[in-house]
Amino acid sequence: MEQSLLVVDNLHVSFHTPFGDAYAVRGVSFNINHGEVVGLVGETGCGKSVTGRSILGLVPHPGEMTEGHIHFDGKNLPELNDREMQLIRGKRIAMIFQDPTTALNPVFTIGQQISYVVKQHSELTGAELENRTISLLDDVGLPAPASLLDIYPHQLSGGMQQRVMIAMALSSDPDLLIADEPTTALDVTIQAQILELLTTLQSDRNISILLITHNLGIVAETCQRVVVLYAGRVVEQGDVRAIFHRPQHPYTRGLLAALPIPGSRGSDLNVIPGSVPSGLDPEAGCAFAPRCAFVMDICKRDQPLDYEVGIEHQAACFLHDKAEGQEV
């Protein structure tokens with residue numbers, strides 16, 4: 001069996017606050033294979049972005065990875081020193097952040113910002129560096145790329161800014177691209193264009209992608225596998241077709257039921273009652289229990305195991321425990 005490019009194993013991340021430790025990620029485990037697109041989904045506050053940032057060692061203060069392993073191409077990233085990590089961050093693993101208007105520096109031109117990233121991982125200078133910058137802008141479908149070198153970020157539309165961010169992320173031909181809500185700030189038409197661009201680039205370059213999003217429609221179109229997070233834990237993961245056609249966790253079913261249905265304009269959307277719990281002082285038992293229509297007594301006491309519910313399909317729910325389960 002081919003070795004996975006990335007293996008996240010039992011990842012724990014906490015934020016130290018005046019009110020105590022907030023547990024943002026609690027025991028998250030998943031893998032990404034070479035050339036694979038994996039979706040990391042869940043509501044806001046479920047730990048998706050923190051998980052993505054942890055891979056690159058970019059958890060903001062006062063956050064801290066307290067337990068677990070992150071193996072990339074056989075190396076445990078948390079054990080690397082700053083110099084060793086610099087050879088991976090940006091070069092072999094790149095990240096596209098949520099909002100390009102805040103990720104791009106407003107006082108430097110587009111050409112300066114892309115050239116700076118290219119220089120960090122190559123020895124290009126002068127005309128070669130400029131040509132590489134223009135080539136990257138052309139690769140992401142920006143018109144007249146040479147004319148954009150002296151343009152500032154605020155002079156571009158949101159969609160064009162996001163294409164610039166993708167160009168920067170691709171500048172060193174990374175093996176893994178972490179895309180954190182890459183279309184959230186864009187309108188529907190531009191979202192489709194950006195997703196098509198990512199899909200094309202992934203296919204052409206055989207890049208692995210971790211796509212972090214709350215938009216299940218995006219996941220259905222672009223991903224091979226899905227990892228569903230709730231309150232910092234993986235509650236279900238498997239093949240995208242299995243997740244969408246045979247979801248096995250009540251939370252996943254709730255997310256899918258909340259998707260708008262074409263032709264149902266004017267009707268009420270389905271919602272999951274309640275909200276994601278705070279990471280402070282997590283209660284015993286399943287975190288989804290207070291919102292679950294199928295809650296049992298054991299759900300309030302114990303953490304469910306990962307039960308095999310199909311081929312390479314797991315769900316962390318006592319409904320799949322033969323001793324405790326019931327028909328859903």
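**Threonine 222**

I began with the neighbours of threonine 222: leaving out residues up to four places away in sequence, this side of the model shows it touching Val37, Leu195, Thr199 and Leu211, where a contact means heavy atoms within 4.5 Å. A note on the source: this is a predicted model, in which local features need pLDDT of at least 70 and side-chain atom pairs count only at pLDDT 80 or more, while totals for chains, interfaces and linings use all residues. Residues are numbered from 1 along each chain as its sequence is written, and side-chain values use heavy atoms, with hydrogens and water left out.

I then placed threonine 222 in helix 8; helices here are DSSP runs of H or I with at least four residues, strands are runs of E with at least two, and both are numbered from the N terminus. Is threonine 222 buried or exposed? I found it buried, with a relative accessible area of 14%. My cut-offs were under 20% relative accessible area for buried, over 50% for exposed and partly exposed in between, using a 1.4 Å probe and protein chains only.

A polar atom of the threonine 222 side chain lies 2.8 Å from the backbone oxygen of isoleucine 218. For the record, a polar contact is a pair of N or O atoms within 3.5 Å; within protein, one must be able to donate a hydrogen and the other to accept it, and residues adjacent in sequence count only if both atoms are side-chain atoms.

**Helix 10**

Next I went to helix 10, residues 250-257. Six of its eight residues are buried, so the helix is largely enclosed by the rest of the structure. The buried ones are Pro250, Tyr251, Thr252, Gly254, Leu255 and Leu256. What do they pack against? I listed helix 8 (216-222), strand 9 (225-230), strand 10 (233-239) and helix 9 (240-245).

**Aromatic pairs**

I searched for ring pairs and got three. The rule takes rings of Phe, Tyr and Trp (its six-membered ring) with centres within 6.5 Å; planes under 30 degrees apart count as stacked, over 60 as edge-to-face and the rest as tilted. Tyrosine 230 and tyrosine 251 have ring centres 4.6 Å apart and planes at 55°, so I logged the pair as tilted. It links distant parts of the chain, with tyrosine 230 in strand 9 and tyrosine 251 in helix 10, 21 residues apart. Tyrosine 230 is buried at 2% relative accessibility, and tyrosine 251 is buried at 0%.

Tyrosine 230 also pairs with phenylalanine 288, edge-to-face, at 5.2 Å centre to centre and 85° between the planes. Phenylalanine 288 lies in the loop between helix 10 and helix 11 (297-301) and tyrosine 230 in strand 9, so this pair ties together parts 58 residues apart in sequence. Phenylalanine 288 is buried too, at 4% relative accessibility. I wrote down Tyr230, Tyr251 and Phe288 as one aromatic cluster.

How many bridges join strand 9 to strand 10? I counted six, and the two strands run antiparallel; strands pair if DSSP finds at least two bridges between them. The hairpin they form has two residues between the strands, and there alanine 231 takes a positive phi near 50°.

I followed one row across. Valine 227 has glutamine 237 in strand 10 as its bridge partner, and glutamine 237 in turn has glutamine 314 in strand 12. Strand 10 and strand 12 (residues 313-315) pair antiparallel over two bridges. Strand 10 is mostly covered, with five of its seven residues buried.

**Cysteines**

I checked for disulfides (cysteine sulfur atoms within 2.5 Å) and the count is zero. Cysteine 46 is buried at 0% relative accessibility, and cysteine 286 is buried at 16%.

**Whole chain**

The secondary structure comes to eleven helices and twelve strands, and 47% of the 328 residues count as buried. The C-alpha trace spans about 70 × 50 × 45 Å along its principal axes.
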